[in-house]
Structures are given as C-alpha cells and as structure tokens.
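Could you walk me through this structure, step by step, as someone who is seeing it for the first time?

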Amino acid sequence: MYKITENINFLKPYHDFMCTLLKAIRISSKRNPHYTKGELKVNMILINPNVRDILNRGVLLDKLYRLKECPIDLCKEYGKFVRRYRSILNGKWRGRSKFTDISTEEFKEILIFLYENLLKYKTFNNAYFTTSTSLDDFRAMMSLNQVCPYCDITKTNKDIVSVDHFLPKANFPVLSIFPENLIVVCKACNEVIKGDTIYLPIAHPYYEEVSSYFTFVVNENENNEFKIEIELNNTNSQLINDKINNFIKLFKIIDRYEKYMTAELHDYRTGVRKSAIAELKGIARFRSITHDDIESCTYKYFQEAIIDNKELKRAMDGSKIKNDYINQIVKENDYQNDIEYIESHFFGFISSKQ
Ligand SMILES: [Zn+2]
C-alpha cells in the first residue's frame, strides 16, 4: 500500500543478462539460420565476456539453445513488453503475449526456468553480483523491518516472504526476470490471494503510493463489528480510481481487513486510552483531575497516535487503516466513548472545579 522506495535497480543485472541472451540469439540466426550451440555460446561471450562461466553449465546452454526454435521473435517481444510495461499497468496497451498456445509451451517454460533455476546458480550471481545469492539478498533488502507493500497487514522478514511476479509469469513469461516486475511481498498475498490473477489497470508499488489515493472509512455497529469502506479522493483521475479499485479488489483488502484488522483497531484505540489514563494518573497524584484534563489529554493522545513519519508507517502493520481510523475519530470528534471510559477510571476523583 506504500510505495517501495528501496533501490529497485538492484536486480538490473537480470535485465542485462536477458538482453545479452536475446541479442546473441538474434545475431546468431542472422549470421547463420542453422547456428550451432557453440555459435550461440561464442556470440553471448562476445557481447558479455562475464557469461563464459555460466554457459559451462550444459543444462543451461541446452535450454537457451532450444529458444532457437521459438516461433516468436523473442528480442522484439521482450523489448515491446519492457518498453510498454507501464502502459500495460495503465490498461493502455492490450498487446497480448504471444505465448498463448500449446506450441509455445516449451519456450514459456524455458523463460520461467531462468527465474526458477538460473537465479540460483552461483556462477550467475558471481558474474553479475557481488555475492552469490542475489535473490536472497533482494528478499532481505526489501523485507527488512517492513510491512507487505500489498496488504499492509503482514510484517515481512526474509525467511517468510516470497517474490511476486506482478504481471504473472504464466501469462507474461518474457517478464519472468524483468526487475520491475519482481516484488517482495508476504506469502499470503502472493501464494494464497493473488496467484496468477491480475486486473488491469492497476496501481504498482514501485510507481504509486496507493495509500495516498483513498481513505478507509470504518463503521462500527452495536456488536463492535467493523464494516470497512474505501473513499477515493475526489481529486483522483478516473484512471487512478480504476487502478486503486483493482488493487483493493485483487488483494481482497476489504474482506481481509474486516476479518483480521478489527481486533487490531480495538487494541490500537485501547492503547491510546491507556496512555491518556497513565498520564492522568500521574497528574492525579498532585491534584484533582478535571473533566477538561480528561478531554484535553484524550485529544492529545489521539493526535499523537497518528503516524506521520513515512519510515514508521512501513515499520508498523496496518498503519494506513489505523491512521485513517484515528483521523476519523478526531475529525468527527467521536471520542465521547473514550472520555467516558477514561472518566470511569477516575470515578469519584474528578473535581468539578476548573
Ligand atoms: Zn501481503
């Protein structure tokens, strides 16, 4: 829900590798339509000498060489999808991937293989990165003390996160190692909720601060159950509204929040009340507490509960909804219940004098 500000260029070498491979395939077939595996290897090394060690792995070279038979001009296809990546997200370009029928199944698998296997090869990582575990490093860097950029519910750490292909690799196999398509998120969002689904147009956490385009409206009924709604900013464009709505829908935000965030919101509010009570107890040691004391103290702690610091927002789970909830209480002056609750702790001790 918050924009990812970490260095997304970290994975750029994946893109560089892809360019080397696709260029080599193009050059090889231009020079000799019946080029051999050896020629492909030589041409790749000519473009980037660093790949020499990587290509010593027979399996990898075999796979890459199989791409020669691919009926799709991969170089063109990759270039098109990379250049128009943001247009796809904006729903402005409906160019369908050509990897749709059964004849391309094998080639699709090879592209996915690059993500699932190549990125784990030590030789690959040694050639392109300073350590031998680029994907792990990426996971660690992106998840350190942060909440999931999709749901804002789950605090991530590198052992329990997964790397999502924002545009699913099943439908967009050419983007299987495209850095801007790889996002570190919680497992629930990636593996349980999203899977291979995507709605377009959609907001993307590398480009948009989703949280800034809408407000959660929290309605509580008599049974202390929360009904949550989304209020889009009236300054949003239609495109942004569509992108935000699809984001909320894709990650089932409303359902999940009503299920999992209710108790959190209760606790958060209780925490604010407790802080106010603690301060008032301190004052009560020296003098009687007035109704005004309670009111101003309650107001103060609600104000302080709103997190403005961007860094802190991503360090705390559910900070977007907690902020909106507290803001709503402050704006609507809706803390009569809180004041009554706090007053009950000072029953008999409240001075009627100001
Ligand atoms: Zn998540």
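Tyr325 is buried, because its relative accessible area is 3% (buried means under 20% relative accessible area, exposed over 50%, and partly exposed in between, with a 1.4 Å probe and protein chains only). You will find Tyr325 in helix 15, residues 319-331; helices here are DSSP runs of H or I with at least four residues, strands are runs of E with at least two, and both are numbered from the N terminus. Now look across to Thr215: 110 residues separate Tyr325 from Thr215 in sequence, while their C-alpha atoms are 9.1 Å apart in space.

Before going further, a word on what you are looking at. This is a predicted model, in which local features need pLDDT of at least 70 and side-chain atom pairs count only at pLDDT 80 or more, while totals for chains, interfaces and linings use all residues. Residues are numbered from 1 along each chain as its sequence is written, and side-chain values use heavy atoms, with hydrogens and water left out.

Another buried residue is Ile307, with a relative accessible area of 11%. Ile307 sits in the loop between helix 13 (291-304) and helix 14 (310-315). From Ile307 to Ile326 is 19 residues along the chain, and 9.8 Å between C-alpha atoms.

Next, let us visit the metal. Which residues coordinate the zinc ion? They are Cys148, Cys151, Cys186 and Cys189, each through its SG atom, at 2.3 Å. Donors are N, O and S atoms within 2.8 Å of the metal (3.2 Å for Na, K and Ca), and water is not among the atoms, so sites may look incomplete. The angles among the 4 donor atoms run from 105 to 113 degrees, and the site is tetrahedral; four donors count as tetrahedral if all angles lie between 85 and 135 degrees. Along the sequence, the donor residues follow the spacing C-x2-C-x34-C-x2-C. Cys186 and Cys189 are both buried.

A pair of aromatic rings is described by the distance of the centres and the angle of the planes. Here, rings of Phe, Tyr and Trp (its six-membered ring) pair if their centres lie within 6.5 Å; planes under 30 degrees apart count as stacked, over 60 as edge-to-face and the rest as tilted. The whole structure holds 21 aromatic pairs. One of them joins Phe81 and Phe172, whose ring centres are 6.0 Å apart with planes at 70 degrees, so this pair is edge-to-face. Phe81 belongs to helix 4 (residues 74-83) and Phe172 to the loop between strand 3 (161-165) and strand 4 (182-186), so the pair ties together parts that are 91 residues apart in sequence. Both Phe81 and Phe172 are buried.

A tilted aromatic pair is formed by Tyr150 and Phe166, at 6.0 Å centre to centre and 50 degrees between the planes. Tyr150 is in the loop between strand 1 (146-147) and strand 2 (155-156), and Phe166 is in the loop between strand 3 and strand 4, so to speak of distant parts of the chain is to speak of a link across 16 residues. Tyr150 counts as buried because its relative accessibility is 0%, and Phe166 is buried at 0% as well. Elsewhere, Phe10, Tyr14, Phe17, Phe124, Tyr128, Phe129 and Phe138 make up one aromatic cluster.

The peptide bond between Leu200 and Pro201 is cis, with omega near 0 degrees, and Pro201 lies in the loop between helix 9 (187-194) and strand 5 (214-220). Lys252 is a residue other than glycine with a positive phi, near 50 degrees. Lys252 sits in the loop between helix 10 (238-250) and helix 11 (253-260), and its relative accessibility of 41% makes it partly exposed. Asn333, also not a glycine, has a positive phi near 55 degrees. Its place is the loop between helix 15 and helix 16 (336-345), and Asn333 counts as exposed because its relative accessibility is 55%.

Our last stop is Asn56, in the loop between helix 2 (37-47) and helix 3 (58-66). At 51% relative accessibility, Asn56 is exposed.

Conventions:
Four donors count as tetrahedral if all angles lie between 85 and 135 degrees; four count as square planar and six as octahedral if opposite donors are over 155 degrees apart and all others between 65 and 115; anything else is irregular.
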